[in-house]
Amino acid sequence: MEIADRSNVPGLVQPPLRTAKFAIGQVVKHRIYPFRGVIFDVDPVFSNTEEWLASIPEEVRPRRDQPFYHLLAENEDSSYVAYVSQQNLLDDGIAGPIDHPNVSQLFEDFFGGRYRLRRSLTH
């Protein structure tokens, strides 16, 4: 079956291409707030509640039309799960492991600055 190229059809609106910059198992840090974490899931666009989004001050509220990442996160005081927009993440310069208590449930090992997802969790 051949699929016709419709990129030049007048009036046809193409959805924006949303490419994830970061990958599952990658260690990242927040651009503004002092925490880092390992990515365990990616949403191509915002997929949380309106209440969650509205709770973020408007001057730092992220755009919806970008990938959002689920992180096992940590800061100086605690470990938690975070939901962060791509615009607010940077590659972690430390390149060391994360000390989150749930890391071993999702990942097998840490090598070369990345975690490898458990085989039982991949498809």
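Serine 85 touches Pro62, Gln66, Pro67, Phe68 and Tyr69, leaving aside residues up to four places away in sequence; contact here means heavy atoms within 4.5 Å. This is a predicted model, where local features need pLDDT of at least 70, side-chain atom pairs count only at pLDDT 80 or more, and totals for chains, interfaces and linings use all residues. Residues are numbered from 1 along each chain as its sequence is written, and side-chain values use heavy atoms, with hydrogens and water left out.

**Serine 85**
- You'll find Serine 85 in strand β4, residues 79-85 (strands are DSSP runs of E, at least two residues, numbered from the N terminus).
- Serine 85 has a relative accessible area of 2%, so it counts as buried (under 20% with a 1.4 Å probe, protein chains only).

**Aromatic rings**
- There are 9 aromatic pairs in the structure (rings of Phe, Tyr and Trp, the latter by its six-membered ring, with centres within 6.5 Å).
- One of them joins Phenylalanine 107 and tyrosine 115, 5.3 Å centre to centre with 45° between the planes, which makes it tilted (neither stacked, under 30 degrees, nor edge-to-face, over 60).
- Phenylalanine 107 is buried at 2% relative accessible area, and tyrosine 115 is buried at 8%.
- Ring pairs also tie Phe46, Trp52, Phe68 and Tyr83 into a cluster.

**Lining of the largest pocket**
- β4 contributes the most to this lining, with 3 residues.
- The lining splits into 10 nonpolar, 4 polar and no charged residues (Ala, Val, Leu, Ile, Met, Phe, Trp, Tyr, Cys and Pro are nonpolar, Asp, Glu, Lys and Arg charged, and the others, Gly among them, polar).

Terms used. Helices (H or I, at least four residues) and strands (E, at least two) are DSSP runs, numbered from the N terminus. Buried means under 20% relative accessible area, exposed over 50%, partly exposed in between (1.4 Å probe, protein chains only).
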